[in-house]
Amino acid sequence: MSTTATPRRSVTSILRRWWRQLTSMRTALVLLLFLAIGAIPGSLLPQRNLSADKVSQYYADNPSLAPIVDRLWGFDVYSSPWFAAIYLLLFTSLVGCLVPRLRDHIRALRRQPPDAPSRMSLLPMHRELPSGLEAKKVADVLRRNRFRVAVREKPDDATTISAEKGFLRDSGNLLFHFSLLALLAAMAFGALYGWHGNRILVAGEDGEFCDSLQQYDEYGLGPNKDATDLPPFCLRLDHFTDDYLPSGQPTKYIASVRYGTDGAAPTTPYDLQVNHPLELSGASVFLLGHGYAPVITYQDRYGDKQTTVAPFLPDEGTQTSSGAAVFPDANINPKTHTADKDSEIAFQGMFIPAVPDQPPYTQSTSPLPKNPALMLTAYKGDTGLDSGQPHSVYSIDQKQVSSGALKVVDMKKKMLKLHQWSTLDDGTKVKFSGLREYATLEIRDDPGETFVLASAVLILLGLLPALLVRRRRVWVRLGDTGELGGLARTEYDGFGEEFDRLGEAIAATPTREPDKIGSD
Amino acid sequence: MGTNGLAELSNATFVAAIVLYAVAMFGYAIEYAFSRRASMAAESEVEHRELVTVGAGGDLPADDAPEPDDAPANNSGITPAQALAAGKVGLVAMIAAAVVHAATLALRAGAVGRWPWGNMFEFIVALCLVCVVVWTVVVARGLVARRLGLFTMLAVVLLLGCATRVYTQATPLVPALNSYWIAIHVLAAIIATGLFLTGFVTAVLHLIRRNYHRVTERGGTLRFPFTIAPRLPEESRLETLTWRLHVLAFPIWTFAVIAGAIWAREAWSRYWGWDPKEVWAFIAWVVYAAYLHSRATGAGGRRFAPWIAILGWGVILFNLFGVNLFVHSMHSYAGV
Ligand code: HEM
């Protein structure tokens, strides 16, 4: 034997040992438990994929802890490498465990039930049978009870009958586990080839949008999905219907939209509701929420008017919302066509759908726009919008305020009802000139969905026999005397009763009449 | 009667159900403590070990031995016959309670014109009813003695008591819940949770009985809760019952989660988004899967099995109370 073979063999034997370890049922169970434990932090820490704002909040609240949590992927638990490591190990362990079991099961299905043990009285279940039973009749009884049966003639003139039942248990078990793998694979497929985008759709023709990534406020694109092959469709919101109980609990949300597919203009009407998505080919449109977009007009010192439709973000539950309107192109001198220095304008404040007669005015009396009002603070200076830094459209850039680049300008009237003007300290004016509804939409395509559902159904179909069917074997030996023995191969409380029932049925089969045998 | 009247009547029947369950618990408690059958189960156990005389096996389910109904077996003044009567009263009270309990849900459904399980309060009320019905079936099939209803009643009364802390008025559904999936997903979750609750009760009893064996074998002194153990059924009987309840509950739970995922695709656009409620439903699924595997991994796994079942119930409770009340979840229909 050469000297180099020894270390190589020991490496393979170590690997083989690890593989056996990894693919044992106990390891799979431990990994499954790890997966469950690993999922916990994601439910307790804010997650980026659910709410990026909450993550920022966490950073603000725990400035020293947050970076450490972040480095451990604490805000992206379900896309973290360590979470992936757990489920990939589990995946491998399952494959390694299942393939040999599938092989064994197929072999068992094709094999005859094993022969009776020589000393049947040692079996957990045993009873005597009357002598002279006919093997064929006994086998028929067992077959009628849906056992797989093998009859063997013995050299000592005895006949043994082996019967086995409950293969569906293992079939179900394997189906369950393989479907679990299929489910994981289908989820991965959907993540690779799917995409989704979120979009605020303001009512009216000018709010219309057509599907392309730039049109989304936020989006996620699977690694194997190309931005250029999003399905071409267009959407427009006509109006939004909402209804509430006196308590403020919503009872109805309907977004009346129009859509057009394959690049056509949006003309086909559809009532988009929660639980009632619009299914287009290649994408589905879901209604996630709604809100109001005040129309704000600003008249600058040159008398130029500019109007913007600014979607405001509602607080959860009520429709009292907060938002901002920015006019970066305000105060451009019409003669020189250059902007006055530091005279960009921004407003930030609240929208109240039904302002009460008495303070606090921010406490809306209804989520419906019965008496809408805007409470604004005006800012002047450099809004920071040209810096190219991405920034929330629902608030002004706080950095510009704290650095002094944006300064508060006093306003005559702080609260504007619909169509009211207010004059700023510098003589310019702002108007609450209109109100639009908007719907928050999610557009999503997950090509793995159908496979995930199919796998889930198979998981359930496998689970039932895996849990409810029991494997058991019985043997009959017919010689000078008869015996019946039984063995439950899985936990089976009712086996005693079944065994007794079988015993009675077998004992009741007609016996060979000795004289008849003699006469033949 | 107006819908408001129905809602009020529903509240009245809810209170009546709790009171009746408490009465049933009291009746079962008397039977548990003083009935002849219970003490025979206990004594035969002792005999079994001390004299090794078989014949009165401790696991006689129906304990069909004749009841000598004179002379109190102890100095409490309660005769075995009276204890037996108390048990019967308990049974009647329990069944009356279940009827009233079902009426609570039916009246609520009538008051709001929808399925009566749209919030956390209603969910708990419904799952407790499932637990009681399951328990009644278990007793009717002779799998355990009636007197053990004491423990189920205790669990149900405690949980219904918790439900009063999250009481929610009968109101129509928010748009997100307005779907036929509420009948499928939530009903499945209710049935599975009710079964898990029953299984949790028997798992605890199994543990008590098992540890009692261990304590007495060591010759140690018995302390609560093991002092109640001599009147419990055989360890194997409790183990099997716990197992069967979980075997039944697990596929239903699996179905409830799958149905939830299908609904989530309709309502929230994705079938699975690692929302805290989904995460904890998954954790519960894994824990119960581990329980079901525990018996297949040999004696060691079997020793842990009841603990895993108890952990599973802990996860279910956390998902119900913890996630609904303290964690921010999209799935927050608790209504409190
Ligand atoms: C994968 C998705 C889902 C999972 C894993 C899930 C899980 C659960 C669980 C474990 C419960 C039991 C009670 C509890 O712990 O609160 C439950 C109850 C409930 N589910 Fe879901 N669910 C899902 C999706 C949904 C969806 C999409 C809706 C409706 C839009 C919904 C509505 C409800 C309601 C109304 C209840 C009963 C009230 C309550 O206790 O909150 N579920 N769900």
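Predicted model: local features only at pLDDT ≥ 70, side-chain atom pairs only at ≥ 80, totals over all residues.
**Entry 1, the cores.** I began with the largest nonpolar core, which has 158 residues, and I looked up which of them have the most contacts inside it: they are A:Leu235, A:Ile443 and B:Tyr21. I then asked which element gives the most to this core, and found helix α7 of chain B, residues 235–268, with 17 residues. A second, separate core has 20 residues, and I noted A:Tyr298, A:Leu376, A:Val409 and A:Val430 among them.

I next listed what A:Ile443 touches once its neighbours within four places in sequence are left aside, and the contacts include A:Trp195, A:Phe209, A:Tyr216 and A:Phe233. A:Leu235 is also in contact with A:Ile443, and both residues are named with those that have the most contacts inside the largest core.

Turning to the ligand, I found that the space it takes is the largest cavity. There are 24 residues around the ligand, and those that come nearest are B:Phe123, B:His185, B:Trp263, B:Lys277 and B:His331. For three of these I looked up polar side-chain atoms: one of B:His185 lies 2.8 Å from a nitrogen atom of the ligand, one of B:His331 lies 2.7 Å from a nitrogen atom, and one of B:Lys277 lies 2.6 Å from an oxygen atom. I also checked which helices of chain B supply at least two residues each to the shell, and these are α4 (120–140), α6 (181–218), α7, α8 (276–294) and α9 (298–326).

Is A:Thr428 buried or exposed? I recorded A:Thr428 as buried, because its relative accessible area is 2%, and the cut-off for buried is under 20%. A:Thr428 lies in the loop between β19 (421–423) and β20 (429–445) of chain A, and its side chain makes a polar contact of 2.7 Å with the side chain of A:Asp426. Beyond its neighbours within four places in sequence, A:Thr428 is in contact with residues including A:Tyr298, A:Asp300, A:Arg301 and A:Asn331; A:Tyr298 is also one of the residues of the second core.

Last, I looked up B:Ala81, which lies in helix α3 (residues 80–112) of chain B and counts as partly exposed because its relative accessibility is 27%. The C-alpha atoms of B:Ala81 and B:Glu31 are separated by 9.3 Å, and the two residues are 50 residues apart along the chain.

Notes: Residues numbered from 1 in each chain as written. Chains lettered and ligands numbered in written order. Heavy atoms only, no water. Core = buried A, V, L, I, M, F, W, Y, C linked by side-chain atoms within 4.5 Å. Buried < 20%, exposed > 50% of the residue type's maximum accessible area, 1.4 Å probe, protein only. Helix = DSSP H or I, 4+ residues; strand = E, 2+ residues; numbered from the N terminus. Contact = heavy atoms within 4.5 Å. Near = heavy atom within 4 Å. Polar contact = N/O pair within 3.5 Å; in protein donor to acceptor, adjacent residues only side chain to side chain. 1 Å grid on protein atoms, 1.4 Å probe; cavity = no way out; pocket = protein on both sides within 12 Å on 5 of 7 lines; lining within 4 Å. Sits in = over half its atoms within 2 Å of the grid points.
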